[in-house]
Amino acid sequence: MRLLKFYQSSIGKKIVAAVTGAILFLFLVAHMLGNLKIYSGAEKIDAYSLHLRTFMEGFFGFGGFLWIARVVLLVAVVLHITSVVLLIRQNRQARPIRYRRKRRFATSIAALSMILTGPWILVYIVLHILQFTTGTLQPTPFKETPQGIGAVYFNLWNAFQVWWIAALYVVSMAFICLHLYHGLWSMFQSVGWNNPDRNRNVRLFATISSIALFLGFSSVPVLVWADVVPPPAGQDGTVVVEKVGVESPALVAEGQDSRD
Ligand code: HEM
């Protein structure tokens with residue numbers, strides 16, 4: 001099969017890694033912009049979450065479009081990981097003589113950070129979905145809307161009252177953006193789009209986009225924890241599904257300190 005032959009070639013895998021990396025990068029940009037709606041208030045961010053489910057509802061049904069996006073993302077993650085792992089193996093087999101010391105040091109720092117941040121990101125994504133999408137993990141008060149989806153503002157606000165949850169999110173965002181920085185850089189290198197003229201722009205793009213994503217994502221846990229984001233006041237129609245926190249949402253709404 002032609003497609004399989006293409007994937008088996010080194011350039012085929014590089015292109016698959018680059019295209020899937022680009023899809024994941026676009027997801028991160030969209031997700032970060034969506035999260036920033038928290039600064040417009042509970043109504044806006046909760047309406048956005050509902051909109052993700054009602055988008056093209058007539059055609060795909062409630063949540064149908066979101067499921068298509070989830071499948072695309074999952075396939076992108078799986079293809080991204082497998083093509084990168086296969087490429088590393090292929091490169092090792094093809095290069096029995098190692099680089100000179102200086103080059104090896106630089107590449108090993110980048111590779112080491114990818115090897116550490118990659119698995120961290122995977123674990124993060126699983127825990128993150130269990131906390132905010134399915135509500136399976138509820139270390140803090142968790143609410144659902146009448147449509148049966150997480151009340152985003154309420155859930156985020158309560159989660160980031162706890163300093164270690166906010167801190168874990170900021171550390172995870174740093175790892176994700178470090179991974180992205182190296183990934184963006186090597187993506188341009190590996191598909192052969194690097195040349196001395198372009199390299200400066202590529203590095204600038206990788207630096208600016210990783211820092212912007214880090215700041216945009218991290219601002220939410222930091223500013224919620226720092227009390228800059230106001231508590232969710234009486235979100236009518238929401239139902240408390242379960243509470244495993246130290247205090248009730250009512251106390252939180254009355255302004256009592258709920259920090260750990
Ligand atoms: C501070 C940073 C972040 C916050 C506050 C945050 C918040 C959220 C919330 C509230 C949801 C549920 C949305 C809904 O149900 O409508 C969600 C879903 C999700 N987030 Fe994040 N997120 C953050 C960073 C990330 C990062 C960096 C990634 C990827 C590496 C990520 C991947 C996902 C995924 C895959 C979903 C599930 C989407 C779905 O299937 O419905 N998030 N996030």
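Of the 260 residues in the protein chain, 34% are buried (under 20% relative accessible area; exposed is over 50%, partly exposed in between, with a 1.4 Å probe and protein chains only). Keep in mind that this is a predicted model, where local features need pLDDT of at least 70, side-chain atom pairs count only at pLDDT 80 or more, and totals for chains, interfaces and linings use all residues. Residues are numbered from 1 along each chain as its sequence is written, and side-chain values use heavy atoms, with hydrogens and water left out.

The protein chain has ten helices and two strands (DSSP runs numbered from the N terminus: helices are H or I with at least four residues, strands are E with at least two). Starting at the N terminus, the order is α-α-α-α-α-α-β-α-α-α-β-α.

Now for the iron atom of the ligand. Its protein donors are His31 (NE2) and His128 (NE2), 1.9 to 2.0 Å away; donors are N, O and S atoms within 2.8 Å of the metal (3.2 Å for Na, K and Ca), and water is not among the atoms, so sites may look incomplete. The two histidines sit 97 residues apart and link distant parts of the chain.

The iron site is octahedral, its six donor atoms making angles of 83 to 179°. For six octahedral donors, the ideal angles are 90 or 180 degrees.

Key:
Tetrahedral: all angles 85-135°; square planar, octahedral: opposite > 155°, others 65-115°.
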